[in-house]
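Hi,

Here's the structure I promised to pass on. Have a look at it first, and then read my notes below.

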Amino acid sequence: MKQVTSSQPRQVFSTQTAFIMAAIGSAVGLGNIWRFPYVAFENGGGAFILPYLIALITVGIPFLFLDYSIGHKFRSSSPLNFRMLNRGTEPIGWIHVGIAFVISIYYAVIIGWAICYTFFSLNKSWGDNAEEFFGGTFLQQSGDVTFSVQPVVGVLLPLIAVWVATLLILVGGVENGIARVSKIFLPILLVLFVALVIRALTLPGAVEGLNAFFTPNFSALSDPKVWIAAYGQIFFSLSVAFGIMITYSAYLKPRTNLTGSGLVVGFANSSFEILAGIGVFASLGFMAHQSGVAVSETVAGGPGLAFVAFPALISEMPGGSIFGVLFFLSLVFAGLTSLISLVQVVTAAVADKLGISQKTSTIVFGGFMAVVSCIFYPTITGLSVLDVVDAFVNNLAIVGIALIALICLTWVIRALPTLRDHLNKVSSFKVGWTWIVFLGVITPVVLGYMFITSTYDLVKNGYGEYPGWFVGVFGWGMVAGLVVFAVIMSLVPWRKDVVDAARTDHDETQETIHAKDIQGENA
């Protein structure tokens with residue numbers, strides 16, 4: 001009989017559709033809207049779609065399958081899953097938790113910005129200079145590269161609202177919180193963005209923008225950097241390798257079509273990215289048309305696209321206020337579904353480690369994350385801190401831990417055949433030796449190249465115009481802090497009843513799968 005612990009029986013998604021909606025909601029985030037169009041344009045335009053799709057098939061979807069197999073087989077948080085795989089790999093799970101923590105506390109403030117800009121769009125509050133308004137009037141950045149906790153009230157208040165909404169949703173649990181909100185938010189996001197794209201396509205100059213986006217530069221395909229950019233985009237946009245999909249798949253029922261779900265999530269995410277590219281470049285084509293310049297002169301990526309280029313566009317276009325509301329609401333909904341999944345990685349791991357309920361973990365430790373977020377980012381120096389932390393967590397922490405995880409799983413503990421067998425027992429689309437080759441050979445080579453080149457560049461050139469001490473504290477210091485955190489948490493002993501319950505849950509899941517296999521053979 002299954003032992004019940006203070007951590008409560010593990011919750012489940014009621015249906016596979018609920019899981020798919022939550023997983024797509026996590027994958028479709030801010031990066032789909034403001035990163036993909038810029039990366040595609042800079043790396044061959046229409047020709048970039050080829051390496052992008054190859055990267056999706058050879059790395060993105062295989063890694064998605066890997067995360068699903070770990071979470072579903074061991075049915076716990078990321079650290080406990082890796083501990084059950086092998087005690088020596090537990091720190092990998094805690095690095096996942098640390099990364100999710102770091103991203104959550106700055107990701108929330110960007111959603112807060114989007115909330116503000118939704119209202120700013122109504123009367124075009126940024127005036128004639130969107131760039132000066134964003135960094136000066138709105139964020140009140142001091143201009144000095146230092147660290148201050150002096151708050152910017154106009155940013156702090158919406159940030160508090162974001163955290164309250166996120167924690168209330170997570171307190172509702174997997175089915176009544178995450179799944180229910182995903183079923184609401186994801187369709188709303190799709191409707192908003194389709195409406196935005198349709199409006200953008202009717203603007204003068206939209207065709208020139210689409211030509212700039214889709215016209216292929218096939219000579220770019222011979223440049224290794226283009227292929228690395230494609231793999232990097234797929235890697236970052238699918239929410240793989242830092243615990244989200246491992247955590248979500250732990251809430252699936254024993255008999256769930258894992259690979260079928262992964263294919264739907266992978267291709268849905270990429271479809272949204274291409275849709276975002278169409279909307280963004282149609283809009284940029286209009287800006288270029290109005291200004292009498294080439295489309296290439298209007299292209300920007302990251303926050304500069306969302307909070308500088310688009311407000312400038314909104315000021316020029318007919319019906320710009322409605323367009324702005326649609327765009328920034330899209331950012332809010334895309335951001336919230338991703339933030340929910342990030343916070344869940346942290347609170348689920350803490351709940352498992354301490355043997356407490358998910359609700360208690362969410363209130364206490366989710367509340368702690370909210371406090372830290374409100375101290376570091378809605379300040380007169382918050383944008384600089386965010387810039388450095390984001391660069392290091394994406395280029396070093398995520399890539400580095402993914403590389404270490406694959407080396408450990410493939411060559412040290414040799415777990416891929418076992419995980420492959422688990423996938424094949426419950427899934428319609430079977431994986432074989434090619435899946436192991438993609439994960440054990442191709443992906444480590446790509447990640448290794450990305451990690452080495454990024455590290456070399458940051459060591460040699462620093463980051464941007466920031467002084468060494470600032471990059472050392474918020475860049476290298478953050479990465480080192482993740483490692484120390486992972487080691488310390490791995491040394492903290494688990495409660496015996498928690499580990500025993502996890503093993504029992506795992507054994508019962510395997511028995512259920514095996515019993516249904518036998519029924520199928522006898523039918």
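Let's start with a cysteine: Cys116 is buried, because its relative accessibility is 10% (buried means under 20% relative accessible area, exposed over 50%, partly exposed in between, with a 1.4 Å probe and protein chains only). Its sulfur has the one in Cys374 as the closest cysteine sulfur, but at 13 Å that is too far for a bond. The structure holds zero disulfides, a disulfide being a pair of cysteine sulfur atoms within 2.5 Å. Cys408 is buried too, with a relative accessible area of 18%.

Before you go further, note that this is a predicted model: local features need pLDDT of at least 70, side-chain atom pairs count only at pLDDT 80 or more, and totals for chains, interfaces and linings use all residues. Residues are numbered from 1 along each chain as its sequence is written, and side-chain values use heavy atoms, with hydrogens and water left out.

Now the inside. The largest nonpolar core has 192 residues (such a core is a set of buried Ala, Val, Leu, Ile, Met, Phe, Trp, Tyr and Cys residues joined through side-chain atoms within 4.5 Å). Those touching the most other members are Phe13, Leu66, Ile99, Trp113, Phe138, Phe307 and Trp435. Helix H6 (residues 90-123) supplies the largest share of this core, 20 residues; helices here are DSSP runs (H or I, at least four residues), numbered from the N terminus.

What does Trp113 touch, leaving aside its neighbours within four places in sequence? Its contacts (heavy atoms within 4.5 Å) are Phe134, Phe138, Leu139, Val155, Phe307, Leu383 and Leu386.

Ser104 lies in helix H6 and is buried, at 0% relative accessible area. With neighbours within four places set aside, Ser104 is in contact with Trp163, Leu339, Leu342, Val343 and Met369.

Helix H17 (382-412) and helix H19 (433-461) each give two or more residues to the patch, and H19 gives the most, with four.

Cheers
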